[in-house]
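Student: I am new to this structure and would like to learn how to read it. Could you take me through it, one feature at a time?

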Amino acid sequence: MGHQISPPLPLTANFPLLQRSSCFVDNLVFLSSPIKHRSIYSSPRRSSLSYHKPSCHPIEKNARLQRARVSFFQSTKSDGFENNLKQELLETIAPLDRGADATLEQQERVDQIARKLEAVNKVNEPLKSELVNGKWELLYTTSQSILQTKRPKILRANGKIYQAINVDTLRAQNMETWPFFNQATANLVPLNARRVAVKFDAFKVLGLIPIRARGSGRGQLEITYLDEELRISRGNEGNLFILRMVDRTYKVPL
């Protein structure tokens, strides 16, 4: 009586696949998939029907690995380019006193860098993103209603200026600090996934005196670039706003 030979066990091959997990983080995910092999006991007829060509051929495997590497390096290169643009933008606006000291040439330079960042924006529907929520510090603007460059500097808002947005409640708030501490709250009306109509409904002078003025102030705001720490917006009058996230937990009063 002859010895019975057991059929070979199926093999498993691992292939690295690149998967995007966040705006700045890339992870390599390893997936395993079983590969069917031809049984040594199959008859020729059955074998021709049940046989599957193994997908782990060295050439095919190398090609997949190469595609994964290319995708990884392209993603890394893109993120590096975006981060360099952000750094260049922040360094350019740093000495400009929120835009009050910017010359026309410097304004054009800031606008050029901002447009390059807008071109690589990954958040196509910012009003549906939780990244919008929170309190943002205004770093730069071209809005004369904020900068008030025709006034003596002592009569301008010299402290930090903040803007808070909550897309879940469709509320926004502008806050000045020293020396006036003025505030304004507004309702937001989405016009599309990037643009909102802004309808101011209340003001507070010196941080103490409330003034109800429903419908007295209106405008539009479009979010053109957004990530975890930087937001670029443009108003309906063409003004540019560059802001930095400072408090993601902040809630705008209802």
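Tutor: Gladly! Let us begin with a term: a residue is buried when its relative accessible area is under 20%, exposed when it is over 50%, and partly exposed in between, using a 1.4 Å probe and protein chains only. Glu222, for example, is buried, with a relative accessible area of 19%. Please keep in mind that this is a predicted model, in which local features need pLDDT of at least 70 and side-chain atom pairs count only at pLDDT 80 or more, while totals for chains, interfaces and linings use all residues. Residues are numbered from 1 along each chain as its sequence is written, and side-chain values use heavy atoms, with hydrogens and water left out.

Student: How many salt bridges does the structure hold?

Tutor: A salt bridge is a side-chain nitrogen of Lys or Arg within 4 Å of a carboxyl oxygen of Asp or Glu. There are 14 salt bridges here. In one of them, Arg195 pairs with Glu222, with the closest N and O atoms 2.8 Å apart. Arg195 lies in strand 7 and Glu222 in strand 8 (residues 209-226), so this pair ties together parts 27 residues apart in sequence. Helices (H or I, at least four residues) and strands (E, at least two) are DSSP runs, numbered from the N terminus.

Student: Which residue forms a salt bridge with Arg171?

Tutor: That is Asp201, and the closest N and O atoms are 2.7 Å apart. Asp201 sits in strand 7 (residues 195-205) and Arg171 in strand 5 (residues 171-176), so distant parts of the chain, 30 residues apart, are linked. Asp201 is buried at 5% relative accessibility, and Arg171 is buried at 6%.

Student: Where do Arg234 and Asp111 lie?

Tutor: These side chains meet in a salt bridge of 3.0 Å, N to O. Arg234 is in strand 9 (residues 230-235) and Asp111 in helix 3 (residues 104-119), so the pair ties together parts 123 residues apart in sequence. Arg234 is buried at 12% relative accessible area, whereas Asp111 is partly exposed at 21%.

Student: Why would residues a few places apart in a helix point the same way?

Tutor: An α-helix has 3.6 residues a turn, so residues three or four places apart point the same way. In helix 3, the residues Val110, Ile113, Ala114, Leu117 and Glu118 are buried. They cover an arc of only 145 degrees around the axis (taken from the directions from the helix axis to the C-beta atoms), which puts them on the same side of helix 3. The face turned away from that buried side carries the exposed residues Leu104, Glu105, Glu108 and Ala119.

Student: And how do I read a pocket?

Tutor: Rolling a probe the size of a water molecule over the atoms shows where empty space is left. On a 1 Å grid over the protein atoms alone, a pocket is an open set of points where a 1.4 Å probe fits, with protein on both sides within 12 Å along at least five of seven lines; lining residues have an atom within 4 Å of a point. The largest pocket here is lined by 44 residues, and Ser143, Ser145, Ile146, Asn174 and Phe200 lie nearest its centre.

Student: Which strand gives the largest share of the lining of the largest pocket?

Tutor: Strand 7, with six residues. Strand 7 also gives the most to the lining of the second largest pocket, with four residues.
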